[in-house]
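Student: Could you show me how to read a few features of a protein model?
Tutor: Gladly; let us look at it together.

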Amino acid sequence: MLTIDQATYDAIVAHAKRDHPDEACGVVAGPEGSDRPERFVAMVNAAGSPTFYEFDSTELLQLYKEMDARDEEPVVIYHSHTATEAYPSRTDIGLAMEPNAHYVLVSTREHGNNEGPVEFRSYRIIDGEVTEEDVTVVTQADTRSTD
Amino acid sequence: MAIEVRIPTILRTYTDGQKAVDAAGDTLAGLIDDLESNHPGLKDRLIEGEDLRRFVNVYINDEDVRFIGGLEAPLADGDQVVVLPAVAGGARDRMPTGR
């Protein structure tokens with residue numbers, strides 16, 4: 001199950017709507033091993049495409065160095081589909097290289113850049129196998145430990 | 001002295017879980033051959049045919065090797081090499097080729 005706070009959920013949806021009809025992408029980093037998505041990082045889609053996304057290679061390195069320095073990992077990797085359902089494509093499955101990540105897909109096909117609900121679904125993708133999981137949206141206080 | 005190679009999570013099965021390993025080589029191609037001799041199977045995850053795999057990024061001292069000679073990029077002791085799989089995908093059913 002993916003547990004994510006409302007503000008981060010809203011930020012992912014807003015990014016997807018803003019970049020529609022191109023695919024939007026990014027990560028939510030969190031402490032290594034915690035499974036807590038805490039730090040929202042929107043990325044530029046270097047492919048600038050309605051059917052493909054790729055993090056820019058230089059920004060990718062910066063992101064991973066930053067996460068490394070903070071003992072973080074990509075807890076969520078998100079992107080949008082803008083004309084199809086929020087389900088991993090063959091390309092998504094073939095290129096999924098983070099076995100610990102929750103792969104979040106948002107579909108903006110219904111309302112595009114406008115107000116309105118989106119499909120927001122989460123998956124594990126390991127060795128080509130897709131497993132959908134529940135998404136629980138909580139207020140920020142609930143996702144953090146009390147330390 | 002040696003060259004430190006940072007290994008991404010998905011390839012740590014080849015390095016007994018280590019995040020970084022030392023290797024040697026005058027070029028990236030030589031370094032990858034040296035990695036392969038100590039961590040069999042790794043080369044195939046980095047190279048396809050005669051070139052780096054399209055969706056694997058390799059950096060030497062923070063430079064994407066595609067801009068500094070690819071597999072022929074020169075290396076010296078003390079350099080740092082980082083391997084990172086691309087974060088990519090999308091609704092398109094066929095993966096793009098080339099760059």
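Tutor: Let us begin with contact, which means heavy atoms within 4.5 Å. By that rule, the contact takes 25 residues from chain B and 29 residues from chain A. This is a predicted model, where local features need pLDDT of at least 70, side-chain atom pairs count only at pLDDT 80 or more, and totals for chains, interfaces and linings use all residues. Residues are numbered from 1 along each chain as its sequence is written, chains are lettered from A and ligands numbered from 1 in the order in which they are written, and side-chain values use heavy atoms, with hydrogens and water left out.

Student: How much area do chain B and chain A bury between them?
Tutor: Buried area is the accessible area (1.4 Å probe) that two parts lose on being put together, summed over both. Here chain B and chain A bury about 2,500 Å², with 56% of it on carbon and sulfur atoms.

Student: How many salt bridges does the rule find across the interface of chain B and chain A?
Tutor: A salt bridge needs a side-chain nitrogen of Lys or Arg within 4 Å of a carboxyl oxygen of Asp or Glu. The rule finds four across this interface. One of them joins Lys19(B) to Glu32(A), whose closest N and O atoms are 3.3 Å apart.

Student: Which strand of chain B gives the most to the side that touches chain A?
Tutor: Strands are DSSP runs of E, at least two residues long, and helices are runs of H or I, at least four, both numbered from the N terminus. On the side of chain B that touches chain A, β5 (56–60), β7 and β8 (88–89) each supply at least two residues. β7(B) gives the most, with three residues.

Student: Is Ala73(B) buried or exposed?
Tutor: Buried means under 20% relative accessible area, exposed over 50%, and partly exposed in between (1.4 Å probe, protein chains only). Ala73(B) counts as buried because its relative accessible area is 0%. Ala73(B) sits in the loop between β6 (63–64) and β7 (80–85) of chain B. Leaving aside residues up to four places away in sequence, Ala73(B) touches Asp26(B), Thr27(B), Leu28(B), Ile60(B) and Ile68(B).
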